[in-house]
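We'll go for a walk through it, one element after another.

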Amino acid sequence: MSSPLLHATVCCYAFECSSFLTNPITYGYMDGFDSAVQCVTVLYWVCDPQMIARGKNASDLFPAVVKNVACKNIEVKKLVYVYLVRYAEEQQDLALLSISTFQRGLKDPNQLIRASALRVLSSIRVTIIVPIMMLAIKEAASDMSPYVRKTAAHAIPKLYSLDPEQKDCLIEVIEKLLADKTTLVAGSVVMAFEEVCPERIDLIHKNYRKLCNLLIDVEEWGQVVIINMLTRYARTQFLNPNMNEDKEEKEKKKTEATAIVKRKPYVMDPDHRLLLRNTKPLLQSRNAAVVMAVAQLYFHLAPKAEVGVIAKALVRLMRSHSEVQYVVLQNVATMSIKRRGMFEPYLKSFYIRSTDPTQIKVLKLEVLTNLANETNISTILREFQTYIKSNDKDFVAATIQAIGRCATNIGEVRDTCLNGLVQLLSNRDELVVAESVVVIKKLLQMQPEQHSDIIKHMAKLTDNIQVPMARASILWLIGEYCEHVPKIAPDVLRKMAKTFTNEEDIVKLQIINLAAKLYLTNSKQTKLLTQYVLNLAKYDQNYDIRDRARFIRQLIVPTDKSGALSKYAKKLFLALKPAPVLESPFKDRDHFQLGSLSHLLNAKAGGYQVLPDWPEAAPDPSVRNVEVKESVRAVETVTARDRGPLGPSSGEDVKKSEKKSKPRIGSSESESEEDDDSESESSESEEEESEEESEEETKKKKKVGNERLENTRTTDIHTHTHSERRNTHILNCDSQPNTIASVQVFDTICKPAWLYMQFLLNPPLPVSVPQTIIPSGNLKTYELLHRITGEGLSVEYCFSRQPFSPDPHMVAVKIQFTNSATSEAKSLHVEDAKLQSGMRIKEFPEIEVLPAGETISVVMGIDFCDSTQFLEFCDPNHCTVLLKFFVSIQPPVGELMMPIFMTENEFKKEQGEHRNQCMEIKQYGPHFDCHAVVQRVTTAANLSRVPCGSDKECRFAGKTVTSGSLVLVSVVTKEDGAAQLTVNCEKMVIGTMLVKDIHQALTQ
Amino acid sequence: MQLPAKMIHSLFLVNSSGDIFLEKHWKSVVSRSVCDYFFEAQERASEPENVPPVIPTPHHYLISVLRHRIYFVAVIQSEVPPLFVIEFLHRVVDTFQDYFGVCTEAAIKDNVVVVYELLEEMLDNGFPLATESNILKELIKPPTILRTVVNTITGSTNVGEQLPTGQLSVVPWRRTGVKYTNNEAYFDVVEEIDAIIDKSGSTITAEIQGVIDACVKLTGMPDLTLSFMNPRLLDDVSFHPCVRFKRWEAERILSFIPPDGNFRLLSYHVSCQNLVAIPVYVKHNITFREGSSQGRFELTLGPKQTMGKGLEAVLISSQLPRGVLNTNLNPSQGTYNFDPVTKLLSWDVGKINPQKLPSLKGSMSLQAGASKPDENPTINIQFKIQQSALSGLKVNRLDMYGEKYKPFKGIKYMTKAGKFQVRT
């Protein structure tokens, strides 16, 4: 199991350490390492940092341990990794010995082994292997397996922290990985981006839309990182959605009636909208960090009217663990200052229970205070009254502060609060009294004239109350308003002079202050007292007090040399002082990104990325456009539209196609007013369209030897005006005339041409292109709508396995309607298809009438995005005149591909190259004949057979419809009659599911 | 050059007596002296749960959670969302609990190897890697008595010999190749009622939170849909990642491929608009008289709006004022206990019989000469109501697609008291 050397050395070590023996798992170790468990335990013991703490460095075992790196047992292997990572820095030369093992691992056919080899290799902190790591990361970044690519993304920050010199190379890798389309990689690479080059925001442009669309499927930790990054990104690229309101506010503040700034109507960038829309569902995540990330995104980026949605989710988080509550409340406190209305409906959720920990209580109090306004103040105050009776004195003190703040903010309740606080002055607990005094002092400053009786009451308290802050506050009050209590003030000073030497420093300072003020207003009675106090202060231990005494004496006591200032002494001391503003400690904390550590601590933490201010003018939005490889797609759209026998006239057809292209024309105008999830489809198409558009544009710029585009261009030039008119016309008939208003410049140049092309290709005469559907016996039909649920209308579908000509990336789905009712069905069409992200659909034309007893077939195209998770692309809603039915189509994985022709040699070559991809092998019992295999496999999946000589082997090839990844299947019969099934596919999911399906077909 | 090293650097486990009993480092080793700042904060806090979750120190930040009287202290070096770390730490605790049944110091020490292995898999370079219980269980098998015995005899280990493929699939939460002879799916709808009742018995605030916990043991890749009779009741929901959000948005149906084993499918909140029926009432008379060293204590409980279901496992607890020296009370049923040190009164009532209402009556002796306490104690109530969800939520049906066998399905409802307080 392990090398004898390790055995021996570790045994020696083990004997030395008595705590080792106490661990029951290790009892058996004395018998020698014949079991892995023992080896494992010893290794863990060796790795245990507590050992090092006791001065037993286990690094001298290094050679013995590292030898085990080639061990077959996975657990031993893993532990050796742990050990290696831990001690490699100390034993650099020896660590190098193990490198070759990992390098071998990097080439392993099993992706998981490749990944773990990279993971360990990149964790070894030895500078000398930096080039090896760099190479390994680069290679792994282009690995077939997304899991290995994910590991590569994880390795980037490790290498960067080991050697920052590699930054430029690493950025290249990050750029490459950012372009990755799998959800597995997205989170990890953005994390690497944030650590290595958060300033390179330009790398995000091209990937922005993809990241938004993938977001919901990324694992939760990745979501947090991506959302935080996108928040920053959006702040640099889009305009402030609240800019008009904010301006208004500012204007109001300045009260500049003349400053009527020319306000541009705000139009939200569709990409900005995309981000908001795609993050919203994540508010429903079970992960508090994700919810918080979305909440801060909405707080920082959403228009005022939409921020409200986050309140509910945040309130939900408050029922989580107390640590989560703590962080969420901190953020709610900040938000509630800026957007009070948002949390008002949830006021009661912030009520305090006696069992809450104090830190939670105080935060809830903060939120309650922020939420207080004229309408709810009475309930809040009633609630506060119960809190004041609490046993938790820190909490009571905080409540009194809160009452003070409510009183200053809301004028109506000031007197009520003050009375309540005065009552507290007779409380038995000194802390409560002290806190009340401090708060009353602040309140009294607002209207002292009316409250001389309260001041008198407080003067009496000086006899009892000991808390320095409270004593100081009372003295200040008496001094400040000595003319309201002319009789009491000198007496208080007398008492204070007596106890002066025993007072705390802040009290002493206030005694001096009081003395000075009294001297100025009532020198007859207090002259001697003041002299006495100043003399005491002159010899005080504290230099602040000595200083103050000297300063005041000079200022108030007239001498021959007294300066010019003493004339103004009265003005200096008895100036009218503005009342203090009681502010929340959370005010203006929102300049830190919410949810961040820096926000929580209210101090910039290391590595904090400042949330930039909105730009004045939006940067070019076209940087986010992405080129699409297929160029013919758009033009072909109309030419080969499939049509059922009762299909619509072509005029309608044009309108349909126009509908498709409409959103992109209107895209600059965007759907800022309407926003709900149901329009996800339109946005999808919109996005795709804009991709096409940009591609069209680039093509136009390049137009090197492309005949078609040459033509386009000529057409463009010749018929520019004409087509433009057409364009307008078409748009008008779409009953949305306002869409033209915002057509941008490049639109007017390129799009009419594009549209015109469509026009040419689609003559105005109704031409019916009958769709050829080969009625094939082995096509399996699925039921979409049953005759009974459909009230006489039954719908079935099958995958026709014909290429869907309007868009080669779509799977053709043949839908057959049968009307078995007695009356005719009218206007059958798809309404409101709910698509998963990335999916697209090409609807079939509306069937106007389906007479009773007749059957009709139509074909629609669906781009399933090679996706299997959301196979059940939801409901094309077949809407009859009165009825709507929700149905869904679920494609078997075998239908997501199309056959391609390949020779045997090509097949073998491809298979060799794709050796690292998903390879699933299943064994079958004997008696397989070639013919049956071919039939079953082709029924299960849309693949074509690769011709070959031997009838022991059957090979099939195809590619996935959307992404065109190769799918290779081979069934090899062995000598004993057993068979072996191998599937190679770059798409793990497809591969795995295909194996399952074919396996099922074969074993039937 | 100090480079920002993000995410979690190290983890320390501290027990209630303030000893570090486990540490794990994902990057270079951080000296355990960093925890001194934590201990300082711990000393300053009056109660264990008052230790601030985030503590800044000169070079690091400490983020901690307290679960099962163990502090899990994570050391980080630079900006990272605090909730990210907190949520992860809780996930670690949940995993331990899942693996060892309990998460105590003893359990962690007994399974130290598994603990290290788990931590190693859960974080890579401080960034979460595999946190799904299904994947972890494929990587590292949970220890059972049987397996420990078998392992010692055969010399095999807890580490799975096969590499998990689940990590690679689009349903990362479900392990592959699941097989059961009895296919069963159980769902528990558990609702908790949080309420504050004021002195006069009127409700200040009351809310219902619920969860649906599932135990699904189904072969293969089943695709389940769960629909409710009254989904409109659910005001705010959060899902396990397996639930298809779009489907919920459109049809209010839960459609999902479940993880294998136990998991929380859904947590929800019932909208405040629906008035919450409070299932229990308390009549109380707790008085202290000025100048007297005696106080009266009377408490009667009764059921209210329970839809015919009985109140069970009723437990009353109350923190009496500091001035109370001892109590002399007489319960009509159940047992009561008063701790003179912590001043905690607890009364285990058991079942409430509507014909004979339980009561607790008697006197309290107060410190002689001390003034009368200004606050009356708050009464915390715990109870259970079996076979009923207080909000009235009802599951309509559960369907399975994608597999051919017929599973055994079960659903159970229960209502519990959450934070249920009566102010007196």
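First, the ground rules. This is a predicted model, in which local features need pLDDT of at least 70 and side-chain atom pairs count only at pLDDT 80 or more, while totals for chains, interfaces and linings use all residues. Residues are numbered from 1 along each chain as its sequence is written, chains are lettered from A and ligands numbered from 1 in the order in which they are written, and side-chain values use heavy atoms, with hydrogens and water left out.

As for confidence, the model scores ipTM 0.91 and pTM 0.69. Chain B averages a pLDDT of 85, and 90% of the residues score at least 70; pLDDT is the predictor's confidence in each residue, from 0 to 100.

Let's begin with strand β5 of chain B, residues 70–76. Strands here are DSSP runs of E with at least two residues, helices are runs of H or I with at least four, and both are numbered from the N terminus. In β5(B), 7 of its 7 residues are buried, where buried means under 20% relative accessible area, exposed means over 50%, and partly exposed is in between (1.4 Å probe, protein chains only). In a regular strand the side chains alternate between the two faces of the sheet. Here I70(B), F72(B), A74(B) and I76(B) point one way, while Y71(B), V73(B) and V75(B) point the other way, and all are buried.

Who pairs with this strand? Two strands count as paired if DSSP finds at least two bridges between them. Strand β1 of chain B (residues 8–14) runs antiparallel to β5(B) and is joined to it by 6 bridges, with L11(B) opposite A74(B). Strand β4 of chain B (residues 61–67) is also antiparallel to β5(B), through 7 bridges, and R67(B) has I70(B) as its bridge partner. β4(B) and β5(B) make a hairpin with 2 residues between them, and H68(B) in the turn has a positive phi of about 50°.

Most residues other than glycine have a negative phi, and most peptide bonds are trans. R252(B) has a positive phi too, near 60°, and lies in the loop between α7 (245–251) and β12 (253–256) of chain B. R252(B) is partly exposed, at a relative accessible area of 30%. Then there is Q387(B), with a positive phi near 55°, in the loop between β21 (379–386) and β22 (395–401) of chain B. Q387(B) is exposed, at a relative accessible area of 58%.

An open sheet of 9 strands runs in the order β11-β13-β9-β8-β23-β21-β16-β19-β18, with mixed pairing. At its edges stand β11 (234–239) and β18 (335–339) of chain B, each with a single partner strand, so one side of each is left without a neighbour in the sheet. The twist averages 15° from one strand to the next, with axes taken as lines fitted to C-alpha atoms (for helices over the stretch in contact) and angles running from 0 to 180 degrees between N-to-C directions. Inside this order, β8 (residues 184–197) and β23 (residues 408–422) of chain B run parallel, joined by 13 bridges; the partner of I193(B) in β23(B) is A417(B).

Chain A has an open sheet as well, with 5 strands in the order β1-β2-β3-β7-β5 and antiparallel pairing. Its edge strands are β1 (781–785) and β5 (840–842) of chain A, each pairing on one side only. Neighbouring strands of this sheet are turned by 30° against each other on average, direction ignored. β1(A) pairs with β2(A) (residues 793–803) over 4 bridges, and T781(A) has C798(A) as its bridge partner.

Finally, two helices of chain A. The buried residues of α25(A) (residues 414–424) are R414(A), C417(A), L418(A), L421(A), V422(A) and L424(A). They fall within an arc of 150° seen down the axis, so they line one face of the helix; the arc is that of the directions from the helix axis to the C-beta atoms. The face turned away carries the exposed T416(A) and Q423(A).

In α23(A), the buried residues are I377(A), I380(A), L381(A), E383(A), F384(A), Y387(A) and I388(A). Their arc is 160°, so they too line one face of the helix. On the other side, R382(A) and Q385(A) are exposed.
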